[in-house]
Amino acid sequence: MDSNGCYHCGDNLEDKVIKFDDKKFCCNGCKTVYEIFSTNDLSYYYELQSAAGATPKAIEGKYDFLKSAAIVDRLLEFNDDKLQIVNLYIPHIHCSSCIWILENLNKLSPHINTSQVDFPKKTVRVTYQSNALSLQELVILLARIGYEPYISLDDYDNKKKSIDRSLVYQLGVAGFAFGNVMFLSFPDYFDLSSSAYSGGEFWLNRYQHIFRWLMFVFSLPVVFYAGKDYFISAFKGLRSNILNIDVPIALGIAVLFLRSTLEIAFDWGNGFFDSLTGLVFFLLLGKFFQQKTYAFLSFERDYKSYFPIAVTRLTAEGKEETTQVHDIKKGDRLLIRNEELIPVDGILINGNANIDYSFVTGESEAVKKKSGDKVFAGGKQLHGVIEMEVLKSVSQSYLTQLWSNAVFKTDSSNKFQSLTDSIGKRFTIVVLSIAFASAAFWLFYDPSKAMNVFTAVLIIACPCAISLAAPFTLGNMLRIFGQRKFYLKNTQTIEQLAQIDTAIFDKTGTITTTEKSTATYEGMPLTAAEESLIKNTLRASNHPLSRSLYAMLAEQNIVTLDEYEEHLGKGLGGAKGGRSVKIGSADFVTNELENDTLNTAVHISSNEEYKGKYVFHNEYREGVEEVFQAMSKTLKLAVLSGDNEGEKKRLEELLPKLTPLYFNQKPQQKLDFIKSLQEKGNKIVMVGDGLNDAGALAQAEVGIAISENVAIFSPACDGILDATKFKQLFSYIFASRKAMKIIKLSFVLSLFYNIIGLYFAVSGQLQPVIAAILMPLSSISVVAFATIMTNLIGKKLK
Amino acid sequence: MSVIYLLLAISVVVAIIFFVAFIFSVKSGQYDDSFTPSVRMLFEDELVKKKPKDELQIDKKSIQLKE
């Protein structure tokens, strides 16, 4: 066990250590959770995985909205008089200890019947007796043990999405029929010339009808159920005048089925039912392989996923009541508690507002507001309670109105034509002309064979291998990227990523880390005694800036201060032996308002005499310079920042020369900027992180969100990149280009098989057994080629 | 030789039984979460033994800590 960390959550124990039961804890919260677990015989939790817990946060009053029956009713999955079932999303679920403790909730409360964790989705489904335990009590219980559920407006609006399992059913049907048809066609395989005239086996000839009609029966569900999507897609394509790859496939399936049926009906031969069912099975297998989803990630999130369901409204009589976010009207007074999100734009009325806009901008440092200031939706209040008056309703707020833009309503995937589809168009034209030409030739030469040849061409040219190349190549790339923490929404994103020629970056939180951990000192030099005093004063403060400044300053002896005071939202004061320091904002230290608003600074004064300030800088991610240098060779680059120009100089030094930098960009401006580039014909990848980038991410061909914690926060996008992998970004784009080359090579390979097959078909010698060998052979070699090549690419990626 | 009808019928019926079983298992959501059950099955035994062993384990831990 790691004795340096907190026994419960594993955080570094800094200065304050709480000892309990011979174990060390970082705070009272962690200790309390340990007490709860150990008194309920649940300390096995700590043995499965050491330090698996999370520090419980203050939740007082936060879940009051769960008292409202209307809200609770929409969250529940099942509800009768005695029993309720709820499915809660808990972001902290991350290890086997989490599963174990959450599935033993009934030890903590006798009114919980069962609880079941779905680890990939990070959810827990709890069945409990509603007459003895309310949903609010359940949620508070979970929050108290560090597993706070995430309940957002999204849960409230979308009621239970049913899981689409139709592809699994279709694959099951096709596989089932394929196996049985293969088994039933064995007699024919053994006795290849099995017609009564050429002297085949008597037994086989006698019973061949029953075998053939059974095969026919098995192929019915394959054609009309498992393969129906190909017909629908081909029909839709034709109706909008597009020859997609599904047209030759649907044609192939239809011709296979009709010709086989006619053959057995008129006793001409035994049909191609084995090839037919095999074809559909392989095609669906490709589709299934392509369908890699990351259950714990969501690519469709909008502001609703982050906004609370309900907030506290103050009535005219000064009473508190819980109101649903949608019902907030202009002029209402809201009470925003510690750690609560501000749902609408408004004016601060009273309280010390210290608002964290990191959801919106990626900027982690909290912004202070005074009463009378405007506050915007999306900010999270830290430390204490504030009151605000509403200026705009939810959907009209500064941030949320971004989602009324048309870009969020159109599905961009429809516009994109994939490589397979563009090849499918030419392929269909060529196949049809070969089919008609050879049929015309045989009409003159030997009319009895013309129909036979025509259908044989359509059967053998059915582009099974071609349509498998893309799903297997891209599906495998998707998995390889996923293993390297680059999660993409679907395989189409890889194709689009391979085509981009412009890369646009957000600044704060994207190319900089969210922590501000470097600072430089400007001003009069400090004496050793002052430095020691400053360090010791900072030691007691929990403010993020104090913590990072404390970590940066040189090690000092620990002394006990004579005086120490913390002014919330302003600064610190400390005194020792007749010397005093003030550390904090400009108006606290010097009684003057900050004149340099571009940078974050902590000012210092000693014995009421101004000394200087520590200026904090954004720290750039490791490898930013290299990534930009490498990209600038082949891509156009730009930086769009919502921030002021304070960092302009440093950025110019860091990035390749002449990289355009734009500052003070509003969310809508970012979106418009990308649109204007697209109108010039550029294909764009946008890399961003906050909700303010959401419009730009949706507008760009590929929107990639950078996230420090992929499971918890990311705006709607096409891909999520783990922040630690930022410097690999270009190599991932490069790998997608290579993947497209593999697909093209696979097409060549499968065309080679098609030409062999066409030789048999055109010359009128196509036997069912040749089709039955050639088709799986071409499919399997294309799949093997695609898989091996993508794995080779994957090996080179970090 | 008409026993072939019987054999075929049996084989088809057996195949269909398994097919229906597959459909039902998909429908009941058995394949929706393929990860958690693999972890869960390792818990059961420890849970039962938990109570008597509890104090012992804590002692062991505290000895380790002192070192």
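This is a predicted model: local features need pLDDT of at least 70, side-chain atom pairs count only at pLDDT 80 or more; totals for chains, interfaces and linings use all residues.
**Stop 1**

Select Asn664(A), in the loop between strand S25 (661-662) and helix H24 (667-679) of chain A. Is Asn664(A) buried or exposed? Asn664(A) has 10 other C-beta atoms within 10 Å, so it is exposed. Look at its backbone too: phi is positive, about 55°, although Asn664(A) is not a glycine.

Now jump to Lys122(A), which sits in the loop between strand S5 (112-118) and S6 of chain A. Its phi is near 55°, again a positive value in a residue other than glycine. Lys122(A), however, has 21 C-beta neighbours inside 10 Å and therefore counts as buried.

For an in-between case, pick Gly384(A), in the loop between strand S14 (380-381) and strand S15 (386-390) of chain A. Gly384(A) counts as partly exposed because it has 14 C-beta neighbours inside 10 Å. Leaving aside neighbours within four places in sequence, its contacts are Asn338(A), Gly351(A) and Asn352(A). Show Arg337(A) as well: it is 47 residues away from Gly384(A) along the chain, yet their C-alpha atoms are separated by 6.3 Å.

**Stop 2: two helices**

Select helix H5 (residues 135-144) of chain A and colour its buried residues, Leu135(A), Leu138(A), Val139(A) and Leu142(A). Looking down the axis of H5(A), you will find these buried residues within an arc of 95°, so they line one face of the helix. Here is a handy rule: an α-helix has 3.6 residues a turn, so residues three or four places apart point the same way. What do the buried residues of H5(A) pack against? Their partners are helix H3 (69-75), strand S4 (83-89) and strand S6 (123-129) of chain A. After H5(A) comes Gly146(A), with a positive phi near 90°.

Among the buried ones are Thr491(A), Glu495(A) and Leu497(A).

**Stop 3: a six-stranded sheet**

Show the open sheet of chain A with the strand order S18-S23-S22-S21-S20-S19 and antiparallel pairing. Strand S18 (518-523) and strand S19 (563-567) of chain A are at the edges, each with a single partner strand, so one side of each has no neighbour in the sheet. From one strand to the next, the twist averages 15°.

Zoom in on strand S21 (residues 579-584) and strand S22 (residues 600-606) of chain A, an antiparallel pair joined by four bridges. Click Lys582(A): its bridge partner in S22(A) is Ser605(A).

**Stop 4: the cores**

The largest nonpolar core has 187 residues, and Ile253(A), Val280(A), Val457(A), Ala469(A) and Val685(A) touch the most other members. Which helix gives this core its largest share? Select helix H26 (residues 729-762) of chain A, which supplies 13 residues. Centre on Val457(A): beyond four places in sequence, its contacts include Val431(A), Ile434(A), Leu758(A) and Val762(A). A second, separate core of 15 residues includes Leu538(A), Val581(A), Ile583(A) and Tyr614(A).

**Last stop: zoom out**

Colour chain A by its domain assignment: domain 1 (1-55), domain 2 (64-151), domain 3 (486-514 + 620-736) and domain 4 (518-617). The C-alpha centres of domain 1 and domain 3 of chain A are 40 Å apart.

Definitions and conventions:
Residues are numbered from 1 along each chain as its sequence is written. Chains are lettered from A and ligands numbered from 1 in the order in which they are written. A residue is buried if 20 or more other C-beta atoms lie within 10 Å of its own, exposed if 12 or fewer, and partly exposed in between; C-beta atoms are placed from the backbone. The arc is that of the directions from the helix axis to the C-beta atoms. Two residues are in contact if their C-beta atoms, placed from the backbone, lie within 7 Å. Domain bounds come from an automatic or database domain assignment. A nonpolar core is a set of buried Ala, Val, Leu, Ile, Met, Phe, Trp, Tyr and Cys residues joined through C-beta atoms within 7 Å. Two strands pair if DSSP finds at least two bridges between them. Axes are lines fitted to C-alpha atoms, for helices over the stretch in contact, and angles run from 0 to 180 degrees between N-to-C directions.
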